[in-house]
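I opened this notebook to record what I looked up in one structure, entry by entry. The sequence and the model come first.

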Amino acid sequence: MMRAALNDLDHLAACVHGRRSRMAEAERLDALTRSRGFAEFAPAVFPELELATATAFQRHAVQTLIRELSGLRAALDGAGGCLLEWLLVRFHVENLKVLLRAVMAKLPFEQVRMHLVELPGTLALDAAALAGVDSPRALLESLLRESPFRHALDRTLAAESDAPRPFFCEAALDRTYLV
């Protein structure tokens with residue numbers, strides 16, 4: 001596959017148009033809403049795959065979106081590239097929230113791994129570093145490099161020193177992303 005020239009708006013428009021053509025609208029959306037269950041719904045959306053569970057379906061849909069955003073991101077620089085990068089950061093924040101919940105619930109990393117999405121480049125998680133994490137503070141120190149997310153979580157953990165509550169930690173990450 002040939003790589004599109006950086007900021008080739010015709011190529012980007014074609015990619016976005018292709019994405020839109022795969023969206024469910026009008027009659028197709030009506031047909032999907034009449035699906036009687038997952039076994040009927042999943043093949044209608046992804047006919048090329050056998051997805052046994054709703055979790056597998058959701059994971060595939062999210063990973064497909066991440067790949068598409070990453071591909072578009074690679075073809076853009078400037079403000080457009082920054083916007084797409086920030087959209088990918090949202091998935092990183094969601095991974096962090098899943099990890100926080102798991103650490104606070106004392107769940108083993110292997111049990112949580114299936115709930116994390118794979119991200120490109122610097123947004124990818126280091127699985128080896130996560131294996132021994134046993135507290136929110138350890139998660140902060142092993143995973144988050146110098147960033148606004150680290151500072152937000154650090155402030156929240158300091159304020160909640162005895163028993164940090166997941167809601168406040170997650171809210172701090174969300175606020176940092178949205179501000």
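The entries below go from the whole chain to single residues.

**Entry 1. Ground rules.**
I note that this is a predicted model, in which local features need pLDDT of at least 70 and side-chain atom pairs count only at pLDDT 80 or more, while totals for chains, interfaces and linings use all residues. Residues are numbered from 1 along each chain as its sequence is written, and side-chain values use heavy atoms, with hydrogens and water left out.

**Entry 2. The chain as a whole.**
I looked up the secondary structure and found ten helices and zero strands. Helices (H or I, at least four residues) and strands (E, at least two) are DSSP runs, numbered from the N terminus. Read from the N terminus, the order of elements is α-α-α-α-α-α-α-α-α-α. I recorded the span of the C-alpha trace along its principal axes as about 55 × 45 × 30 Å.

The protein chain has 179 residues, of which 32% are buried. Here buried means under 20% relative accessible area, exposed means over 50%, and partly exposed lies in between (1.4 Å probe, protein chains only). The chain exposes about 11,400 Å², and carbon and sulfur atoms supply 60% of that area. Accessible areas come from the Shrake-Rupley method with a 1.4 Å probe; for residues, only the protein chains shown count as cover.

I then turned to contacts, meaning heavy atoms within 4.5 Å. Among contacts between residues at least 6 apart in sequence, 53% join residues at least 24 apart.

For charge, I noted 21 positive and 23 negative side chains, with the centres of the two sets 2 Å apart. Lys and Arg count as positive and Asp and Glu as negative, while His and the chain ends are not counted. The place of a charge is taken as NZ of Lys, CZ of Arg, CG of Asp or CD of Glu.

**Entry 3. Helix H5.**
I looked up H5, which covers residues 78–104. H5 has 27 residues and reaches 39 Å from its first C-alpha to its last, close to the 39 Å expected at 1.5 Å a residue. The expected span is 1.5 Å times one less than the number of residues.

What follows H5? It is Lys106, whose phi is positive, near 60 degrees, although Lys106 is not a glycine. I placed Lys106 in the loop between H5 and helix H6 (109–112). Lys106 counts as exposed because its relative accessibility is 63%.

Side chains of opposite charge can pair when their charged atoms come close. I counted a salt bridge where a side-chain nitrogen of Lys or Arg lies within 4 Å of a carboxyl oxygen of Asp or Glu. The structure holds eleven of them.

I took the pairs in turn.

- Glu94 and Arg90 meet at 2.5 Å, N to O. Both lie in helix H5, four residues apart, about one turn of the helix. Glu94 is partly exposed because its relative accessibility is 28%, and Arg90 is partly exposed as well, at 22%.
- Lys97 and Glu94 meet at 3.2 Å, N to O. About one helical turn separates Lys97 and Glu94, because they are three residues apart in helix H5.
- Lys97 and Asp174 have their closest N and O atoms 3.1 Å apart. Lys97 lies in helix H5 and Asp174 in helix H10 (residues 166–178), so this pair ties together parts that are 77 residues apart in sequence.

Is Lys97 buried or exposed? Lys97 counts as buried because its relative accessibility is 7%. Asp174 is buried too. Leaving aside neighbours within four places in sequence, I found Lys97 in contact with Arg90, Glu170, Leu173 and Asp174.

**Entry 4. Two further residues.**
I looked up Ala26, a residue of helix H2 (residues 26–33). Phi of Ala26 is near 50 degrees, a positive value in a residue other than glycine. Ala26 is partly exposed, with a relative accessible area of 46%.

I found Asp8 in the segment before helix H1 (9–21). Asp8 counts as partly exposed, at 28% relative accessibility. The C-alpha atoms of Asp8 and Ala75 are separated by 7.3 Å, while the two residues are 67 residues apart along the chain.
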